[in-house]
Amino acid sequence: MGVMTDEKNAIEVRNLKKGFKVYFDKGSTIKEKLVSKNRRKYEKREVLRGISFSVKKGEAIGLIGHNGCGKSTTLKLLSRIMYPDSGQIEMRGRVSSLIELGAGFHPDMSGRENIYINASIFGLTRKEIDRRLNDIIEFSELEEFIDNPVRTYSSGMYMRLAFSVAINVDADILLVDEILAVGDINFQEKCFDRMREIKAMGTTIVIVSHSLPQIEQICERTIWIDGGVIRDEGIPKYVHEHYLKEMENKRLEILEREERKKAEEKQREKEQREQEAKPEKEKEDPGQEKDQEQQPEIPAQQPEQENIQNKPGPEEKKEELPPFCSPLSIRIGNKKIQFTDVKLMDTDGKEKTVFKSGESFVVQMDYKSDEQDLLGNFGIGIFRDDGVHAYGTNTLIEHDSLVPIKEKGRVVITVTDNCLLPARYMLDVAIHSKDGIRYDDIRNIIPFRITANKKDIGLCRLDNFWTVDGRRMEKREYED
Amino acid sequence: MSKIQEIYHYRTMIASLIKRDLRGRYKGSVLGFAWTFLNPLLQLGVYTVVFSVIMRSGIEDYYLFLFVALIPWIFFSSSLTGGSSCIISQKEMVKKIYFPREVLPIAHVTCQLVNMLLSLIVVFAVLLVSGKGINPAALPFLVPVVLVEYLLALGIAFISSSVTVYLRDLEHILIIIAMAWQFLTPVMYSIDMVPEQLRPVFWLNPMSSVIVAYRDVLYYKQIPHLNTLLVAVGLGIGLLIIGWLLFGRLERHFAEEL
């Protein structure tokens with residue numbers, strides 16, 4: 001055990017390294033171990049290449065990164081399921097990990113008995129479990145079923161019981177892996193509240209999750225692990241934006257690579273066909289036709305180069321955004337066609353960010369382009385502030401049509417009688433090619449709010465009327 | 001030392017695993033827990049029929065002679081063979097949750113011990129009913145004998161469970177080893193039948209002295225020769241230390257190998 005450099009830290013991790021042997025043909029039988037000893041090849045895959053961070057007592061941090069980046073390995077090292085190849089981990093206090101739910105459950109035993117088994121695996125003694133038993137049962141909302149065998153539970157009930165045990169194991173440090181997606185929405189909300197309670201009690205929390213909003217709600221800090229090293233670290237919202245943008249770029253790169261491959265294949269096919277169809281003598285004039293054929297390749301190739309230039313370095317947190325974008329915007333795309341201005345207005349042309357439910361609104365998009373022979377698919381998206389995709393459409397969906405791109409132009413969408421219910425929303429705008437190549441794509445460009453007098457709930461208003469005893473309800477019909 | 005403390009802290013887990021195993025085994029069967037007693041009783045019935053009707057041997061009450069040795073032998077061999085898979089069978093838990101891994105072999109061996117103790121109740125009942133009787137003066141000596149066997153079984157289980165994670169064949173090899181070991185231990189025969197010059201070798205097998213001691217107490221109703229047990233005690237402690245150290249080394253990579 002080393003010495004903590006700072007008394008206030010609950011976790012200190014220094015230069016953590018971990019590699020796995022990946023066997024090409026994993027053999028753990030004796031024959032494979034002895035007979036093919038020389039041929040037993042493996043590759044050492046470095047999952048963590050030196051990670052250092054510390055977590056203060058009572059702090060909550062989130063670990064994010066794409067699959068295989070090393071975040072789960074980090075959590076496993078912290079929970080001592082695995083040991084690092086080198087580097088130090090120091091933890092202060094009792095550690096509990098919510099990595100696996102329902103460990104040791106026996107289907108034939110009752111819920112109550114399984115609470116004892118499961119909690120004991122988390123290291124609780126009988127007395128400690130006795131003390132928590134009521135809390136656990138109450139939290140699970142399974143009072144009526146608690147003495148029935150677990151095999152009679154639905155999967156939702158099973159998970160509820162498992163989570164209730166896990167969340168009621170007190171600890172100074174809590175390690176959580178992707179488990180807040182348990183049960184129905186109500187129960188999820190409850191689990192979430194409980195996490196916040198636990199945090200308020202001063203527990204240090206480390207969460208690995210793909211759900212960025214959840215991390216934003218609980219954590220003060222996000223650590224983004226990429227390729228076994230810490231790529232970025234800081235306030236969750238900013239790190240997540242950076243992360244999302246990078247993910248988007250990666251996705252685009254892949255898309256474009258595929259796109260290009262497809263184009264190349266098409267080209268090759270074409271050439272082959274040409275060669276088969278036109279033997280030798282007509283070989284002189286492939287020029288014309290080829291030029292035309294090559295066209296689809298151009299949009300696929302160039303963006304890649306641009307992307308490389310545009311790729312944010314590890315230091316760069318945000319790209320300069322034009323004034324018509326909100327500071328929360330994320331802008332991606334190859335910029336062959338660019339938005340020059342985007343306005344959210346009412347039908348009188350007045351810029352507004354608060355609309356009534358039922359009011360019409362207009363999104364006016366100005367663009368410019370250096371290339372004039374492109375076709376653009378203009379689209380908008382509306383997201384509620386909790387990330388729910390409220391609506392999205394584009395010219396291709398609406399009119400099965402694309403916009404012929406000029407040097408400069410203006411595209412306007414008018415939404416008549418919006419039926420969104422009161423909430424905060426974000427507007428996204430985008431210009432794509434027909435095949436989905438992004439020319440310009442701005443997320444969260446304009447935040448806006450919908451208000452209403454009616455108190456109906458949900459995402460959007462569904463027009464309705466009520467009939468009582470065959471008579472349609474009109475207005476208030478009673479006195480109080 | 002801190003490891004031992006930690007394992008002590010996890011004592012409830014050991015108890016729950018044992019309970020789960022014992023309760024879970026016969027759950028769903030009509031007779032349920034009664035099988036724990038019925039099983040050895042029926043075994044005894046078979047031995048009685050076979051050895052007093054078909055294969056008569058020169059030993060008086062051979063079925064009892066065999067039975068009092070077989071029950072402790074089964075404890076040992078199931079610790080050996082079953083112990084080898086006790087980590088692999090809890091793969092998901094080992095990969096996902098931290099707990100001192102020693103808990104698993106300890107729970108397994110202790111569970112086998114409890115099984116044996118329950119079977120011993122049947123043995124006592126049979127001894128009393130058959131008129132063979134029990135010598136109350138010799139009975140307390142059963143306690144150190146059981147303890148010595150527990151030490152041996154635990155040491156062996158530490159080794160077999162941890163090595164099997166890396167070398168899965170061991171599970172199958174051990175079944176054969178357990179069988180050979182049984183024939184090399186005076187379970188089915190008396191130590192007197194072993195040629196004089198081979199006996200020193202036989203005493204090197206710690207299970208020989210353990211089984212002989214069980215038989216002394218339960219069958220011959222006499223106080224066992226504790227000096228023959230000394231070798232077993234030494235080997236038991238040695239095995240336990242080796243097993244403990246080996247396990248401690250190998251457990252670091254369990255989660256990756258599984």
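Which residues lie nearest the centre of the largest pocket?

1. The model is predicted, so that local features need pLDDT of at least 70 and side-chain atom pairs count only at pLDDT 80 or more, whereas totals for chains, interfaces and linings use all residues. Residues are numbered from 1 along each chain as its sequence is written, chains are lettered from A and ligands numbered from 1 in the order in which they are written, and side-chain values use heavy atoms, with hydrogens and water left out.

2. Nearest the centre of the largest pocket lie A:Pro213, A:Arg384, A:Asp385, A:Asp386 and A:Gly387, which belong to a lining of 36 residues. The lining divides into 15 nonpolar, nine polar and twelve charged residues, where Asp, Glu, Lys and Arg count as charged and Gly is among the polar.

3. Between the chains, 31 residues of chain B are in contact (heavy atoms within 4.5 Å) with 34 residues of chain A. On the side of chain B that touches chain A, eleven residues are nonpolar, five polar and 15 charged.

4. Three salt bridges (a side-chain nitrogen of Lys or Arg within 4 Å of a carboxyl oxygen of Asp or Glu) are counted between chain B and chain A. A salt bridge joins the side chains of B:Glu256 and A:Lys18, at 2.8 Å from N to O.

5. Among the elements of chain B that each supply at least two residues to the side touching chain A are α1 (2-9) and α12 (254-257), while α2(B) gives the most, with seven residues; helices here are DSSP runs (H or I, at least four residues).

Note on methods. On a 1 Å grid over the protein atoms alone, a cavity is a set of points where a 1.4 Å probe fits but cannot get out, and a pocket is an open set with protein on both sides within 12 Å along at least five of seven lines; lining residues have an atom within 4 Å of a point.
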